[in-house]
Amino acid sequence: MANMNPNKVPMPEQAPNVRNKNFDEVTLGYTPEMAIEEAQRCLNCKHKPCISGCPVQVKIPEFIALVAEGKFLKAAAKIKETSALPAVCGRVCPQETQCEQKCVRGIKGEAVAIGRLERFVADYAREHGEEKAAKPAPNGHKCAIIGAGPAGLTCAGDLARMGYQVTVFEALHIAGGVLMYGIPEFRLPKEIVQKEIDTLKDLGVEFVLNFVVGRSETIDELFEDGYEAIFVGSGAGLPTFMGVPGENANGVYSANEYLTRINLMKAYQNDAETPIFHARKIAVVGGGNVAMDAARCAKRMGADDVYIVYRRSENELPARLEEIHHAKEEGVVFKFLTAPLEVLVDENYNVTGLKCQQMELGEPDESGRRRPVPVEGSEFTLDLDCVIAAIGTTPNPLIRHTTPGLDTNRKGCIIADDEHGITSKEGVFAGGDAVTGAATVILAMGAGKRAAAAMDEYIKSKQ
C-alpha cells in the first residue's frame with residue numbers, strides 16, 4: 001500500500017544562522033528510514049510520466065521501488081544504467097521543473113522527492129562499498145572529449161562503457177568543470193564530484209589536465225593524433241558584464257571569477273594561496289542560480305550586507321526555488337525591480353556604491369517575460385564596497401577561432417543538432433553550455449549522452 005501522505009519527507013539541514021558561516025553542505029540527506037518512507041509515496045504509475053521529464057532517462061519508478069524495499073545498492077545500480085553522475089544530479093538538478101514536475105503525486109500534494117532519493121541512493125552506495133566499475137573490453141577505437149564538465153564526463157562514461165579508448169582534455173588543473181569551479185561546496189561537496197570522476201577512471205577514461213584545446217593543440221591536430229571522433233563540451237566560461245560606467249573598478253567581480261577563487265582555489269580557507277577581497281557590503285546583480293551561489297558565498301566570506309539586485313519581480317526569478325529560499329533564510333536581501341545604472345568609485349577607483357533605478361514590468365519581450373521599464377525619477381544608491389555581475393556567460397571563443405569549418409551562432413555558441421550533437425565539421429560533436437549557452441547540469445549531461453550514441457554510430461559507419 002502506497003504512503004498517501006501529501007507532503008514529502010522533510011530533508012534535515014543546518015540552521016540558517018549556523019550554515020551561513022561555514023561551507024559545509026546545507027542539506028544533510030535522508031536516513032535509510034526517511035528514504036524508505038518517501039519512496040513508498042511513489043505510485044509506480046503505469047505510464048511513468050516522471051521519466052519523460054528526465055534528460056538522461058533515469059528509470060525512476062524502478063529505482064524508487066528498490067529503495068522502498070530497502071535494496072539501496074540495487075537502486076544505485078539501476079540509476080547508474082543511464083546516469084553517470086547520480087550524486088551530483090541528486091543535489092543540483094532542478095527536479096521541480098523536470099521529473100518531479102511530471103509526478104502524479106504533485107497534482108494533489110507534493111511530488112515524490114525524486115532528487116532527494118537519488119542523492120540518498122548514490123551516497124549510500126559510495127559509503128557502503130560500491131563495487132568498482134569494470135573496465136570493458138576495448139573495441140580498438142579512440143575518441144577525444146574536450147572539457148571535463150558534466151557534458152564531457154557523461155559522454156566519456158558512455159563511450160568508455162562501449163569499449164572506446166577515451167581521453168578527456170581539460171584546461172584547468174582539476175577535472176569537473178563547473179561542478180568544481182562554479183557550484184559551492186555547501187551545495188555540492190567536491191569529494192563527491194571527485195568520486196564520480198574516479199569511477200570514470202576505473203572504466204579506463206584518461207584525463208589530460210592543463211590542456212587548452214586551441215593552444216596546446218587544435219581540434220585538427222587531435223584528429224591527426226588518431227582520434228576518430230571528438231566531442232566538444234567546453235562549457236560557457238566567458239562572463240557577461242553589465243555595460244554600465246565604473247564596472248572596471250576595484251571590487252567588481254564577474255561571478256565566474258568570484259566563485260572560481262572560492263570553490264576551485266579554496267579562498268575561504270585561512271591558508272589559501274589565491275587571494276580574494278573580503279568585502280563588507282556586496283551587491284550581486286542577477287537572479288539565476290549563479291547569482292544565488294555568489295550571494296550565499298559572500299555571506300559565508302563574512303560580508304555584513306549582501307543584496308541580490310534583479311530587474312524583474314520575484315515571480316520572474318530564474319533560480320531554483322530551493323536556492324532562493326535558502327538565500328533568504330541566510331540573510332540575503334533581495335532588491336526586486338531594480339536595475340544597475342553605475343558603479344560608484346572613490347579617488348582610488350575602489351567601489352563605494354551602486355547607483356540603481358526602480359523598474360516596473362511592461363509588455364512581454366521575446367522571452368515571454370514582461371519587460372522591465374524604468375520608473376522616472378526613482379534613482380537611488382546602495383552603499384557598497386563590492387559588486388558581482390552574475391548576468392550570464394558565453395562560450396570562450398578560442399575553439400571556434402582555431403577550428404576551420406566549425407559553425408557558431410551570433411552568441412558564439414557551436415551550432416549542433418540537438419538530437420545527436422552533430423556539428424558542421426565532420427567527426428566533431430558538441431553539447432552542453434558550449435552549444436546552448438549557460439544552462440543546467442542535467443541538460444548538459446543529456447546532450448553528452450546523446451552525442452556518445454551518435455559518435456558510436458558515426459565511427460561504426462566508417463568501418
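Predicted model: local features only at pLDDT ≥ 70, side-chain atom pairs only at ≥ 80, totals over all residues.
Numbering starts from 1 along each chain as its sequence is written, and side-chain values use heavy atoms, without hydrogens and water.

**Helix pair**

- The axes of α2 (residues 32-39) and α4 (residues 60-68) come within 8 Å and cross at roughly 130 degrees (lines fitted to C-alpha atoms over the stretch in contact; angles run from 0 to 180 degrees between N-to-C directions).
- Ala35, Ile36 and Ala39 of α2 meet Ile64, Val67 and Ala68 of α4 (contact means heavy atoms within 4.5 Å).
- By class, this contact has six nonpolar, no polar and no charged residues (nonpolar: Ala, Val, Leu, Ile, Met, Phe, Trp, Tyr, Cys and Pro; charged: Asp, Glu, Lys and Arg; polar: the others, Gly among them).

**Sheet**

- Three strands form an open sheet in the order β10-β11-β12, with antiparallel pairing (two strands pair if DSSP finds at least two bridges between them).
- β10 (338-345) and β12 (370-383) are the edge strands, and each pairs on one side only.
- From one strand to the next, the twist averages 20 degrees.
- Seven bridges join β10 to β11 (residues 351-364), and the two run antiparallel.
- Leu344 stands opposite Gly353 in β11.
- Helices (H or I, at least four residues) and strands (E, at least two) are DSSP runs, numbered from the N terminus.
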